[in-house]
Amino acid sequence: MDTWVIDYLKDTLLNSPIVQEHALQPDSVPAVIARQITSTFHSALAMMAPVLGPIFDRLAQALYSSPDIVVLGFFCVILVVVFQVLSWLRRALVFWTRIAFRMTFYAGLVALAASVWQRGLEASWADAVAIGGMLLKYGGWVKDIWINEYRKYEEQGQKRGGYSGAQATGGWRNR
């Protein structure tokens, strides 16, 4: 970002009377909230310092004496970050895929309703029966092809002595 943009924002935002009145004054609401948060954090840290101080000292000493732990920790942090990003990408992909399939489903329902509305219930029912008959005929055709191919496979297996491990005579197991 160019420096002129930052200078312009600094000049316009910090010199505006609204920001001067409501944000930068010591008795403004944001300043009071920030003081309360920092004082609460400071008092909590002061209470925990005697307990956490020796723990942090030992941790720093252990990290100084064995830098391999630092490398391993850094690697683990990188691994966790990569998995989080991949999880976000997966979730986004699933979300948009679900949206696309829902839109397709509802568009199909609208198209079906429009077809029934335009052609009438009787003509639509006749079309549905005709389409169902064609699908059943196509399914029978696919079944016949599959059965014929399966029979060819079985015949080839019987000619060679079978495809199962107990009946096989050649192959990589007997070499």
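## Views of a predicted helical chain

**View 1. Burial and surface of the chain.** Of the 175 residues of the chain, 3% count as buried (under 20% relative accessible area; exposed is over 50% and partly exposed lies in between, with a 1.4 Å probe and protein chains only). This is a predicted model in which local features need pLDDT of at least 70 and side-chain atom pairs count only at pLDDT 80 or more, whereas totals for chains, interfaces and linings use all residues. Residues are numbered from 1 along each chain as its sequence is written, and side-chain values use heavy atoms, with hydrogens and water left out. The accessible surface of the chain is about 16,000 Å², and 70% of that area belongs to carbon and sulfur atoms (Shrake-Rupley method, 1.4 Å probe).

**View 2. Helices and overall extent.** The chain has five helices and zero strands (DSSP runs: H or I of at least four residues for helices, E of at least two for strands). Its radius of gyration is 37 Å, well over the 16 Å that the globule rule gives for 175 residues, so the chain is more spread out than a compact globule (taken over C-alpha atoms; the rule is 2.2 Å times the number of residues to the power 0.38). The C-alpha atoms fill a box of roughly 90 × 70 × 40 Å along the principal axes.

View 3. The structure holds five aromatic pairs (ring centres within 6.5 Å, using the six-membered ring of Trp; planes under 30 degrees apart are stacked, over 60 edge-to-face, the rest tilted). Phe95 and Trp96 form an edge-to-face pair, 5.0 Å centre to centre with 75° between the planes. Phe95 is partly exposed, at 41% relative accessible area, and Trp96 is exposed, at 57%. Trp146, Tyr150 and Tyr153 form one aromatic cluster.
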